[in-house]
Amino acid sequence: MHVRTDQENAMATQSRVEFRSLDGLRLVGDIVVPDTTPKVGVLLVHGRGVTRHESGFFDRIAEGLATAGIASLRFDLRGHGESEGTQEDVTLAGLLNDVRAGFEVLGAETRVAVTSLVGQSFTGGVCAYYSAKRPAEVDRLVMLCPRIDYKARTIDGRTYWVDDHLDDEHADLLTRDGFLQYSTSFRHGRAFLNEVFWLQPHTALGSVAAPTLLVHGDADTQVPIGPSYDAIKELNEQSRLMVVEGAGHGFAVAGDKAYRQPQTLVWQAEVIDAITDWVSAGR
């Protein structure tokens, strides 16, 4: 069961929806349906430590899709925004089930025949893994400045993990607090830290049947572009890597976390056009 409220404009109807993930957590999102009957629907999955709006970028993607006659759902993942849950309880498996629940709501609300998936930053790998495991739901995949190998960043790239073992100081902190502070905006609980040893989306890229668009800025320091060059070699021959020259994370000017600089908006508009063209090809 889910509830919705509607807001109409000249181009589309936007509906606020509340629905439950598979384990019962309540999630909140926005469905946008164009003024013409859509044949394609897109699920937009935001990154770590932000919300379904992605500082306005995902709102603009939804608008661009609606202008092209494409429906979309963007929603707050568990432990984010208006949705229930806590950051320290977030796991990759939980996020995968949030995506599954999102697809169910998108289908029920729009009755589209074709659905595609867009994942940004931290959820890029999650969306790739979902596509590999449930190919019938993902006609086209888009990965925006994606994090794909979670162990490399979370375990291998941290000095307090030595030979895959957590040091005594941080082990005590994890036991005391129930999480380790991963960044200023996010923390990881014990379940996630164990999970990344075994659930590794970067090893499943060759099983992704959907034509995949990888988009990455070559000046991205938060999620460097290198792994995207590796990933495109593993994806099917219908896939493509789009490099946004000079762009940082989120296709933004360095330091422009609010996405307000003119150049940021130019880069993001180019990405929105590319996304729209890509998923339109699935009609």
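Student: Which residue lies over the face of W278?

Tutor: R140 does, at 5.3 Å from the ring centre. A charge sits over a ring if NZ of Lys or CZ of Arg is within 6 Å of the ring centre and within 35 degrees of the ring normal. Before we go on: this is a predicted model, where local features need pLDDT of at least 70, side-chain atom pairs count only at pLDDT 80 or more, and totals for chains, interfaces and linings use all residues. Residues are numbered from 1 along each chain as its sequence is written, and side-chain values use heavy atoms, with hydrogens and water left out.

Student: And what does the charged end of R187 sit over?

Tutor: The ring of F179, 5.0 Å from its centre. R187 also stands opposite Q181, in strand β11.

Student: What does β11 pair with?

Tutor: Strand β10, residues 180-183, pairs with β11, residues 186-188, in the antiparallel sense over three bridges. Two strands pair if DSSP finds at least two bridges between them. Helices (H or I, at least four residues) and strands (E, at least two) are DSSP runs, numbered from the N terminus. A hairpin of two residues joins β10 to β11.

Student: Switching topic. How many aromatic pairs are there?

Tutor: Nine. Rings of Phe, Tyr and Trp (its six-membered ring) pair if their centres lie within 6.5 Å; planes under 30 degrees apart count as stacked, over 60 as edge-to-face and the rest as tilted. One of them is F122 with F186, a tilted pair at 6.3 Å centre to centre and 45 degrees between the planes.

Student: Where do those two sit in the chain?

Tutor: F122 is in the loop between β6 (114-120) and α3 (124-133), while F186 is in strand β11, 64 residues apart.

Student: Are F122 and F186 buried or exposed?

Tutor: Both are buried, meaning under 20% relative accessible area with a 1.4 Å probe, protein chains only.

Student: Why is α3 largely enclosed?

Tutor: Because nine of its 10 residues are buried. They include C127, Y130 and S131.

Student: What covers them?

Tutor: The cover includes β4 (40-45), α2 (92-110), β6, β7 (141-144) and α4 (150-156).

Student: What is L117 in contact with?

Tutor: Leaving aside neighbours within four places in sequence, its contacts (heavy atoms within 4.5 Å) include L43, F103, C127, Y130, R140 and L141.

Notes:
Buried means under 20% relative accessible area, exposed over 50%, partly exposed in between (1.4 Å probe, protein chains only).
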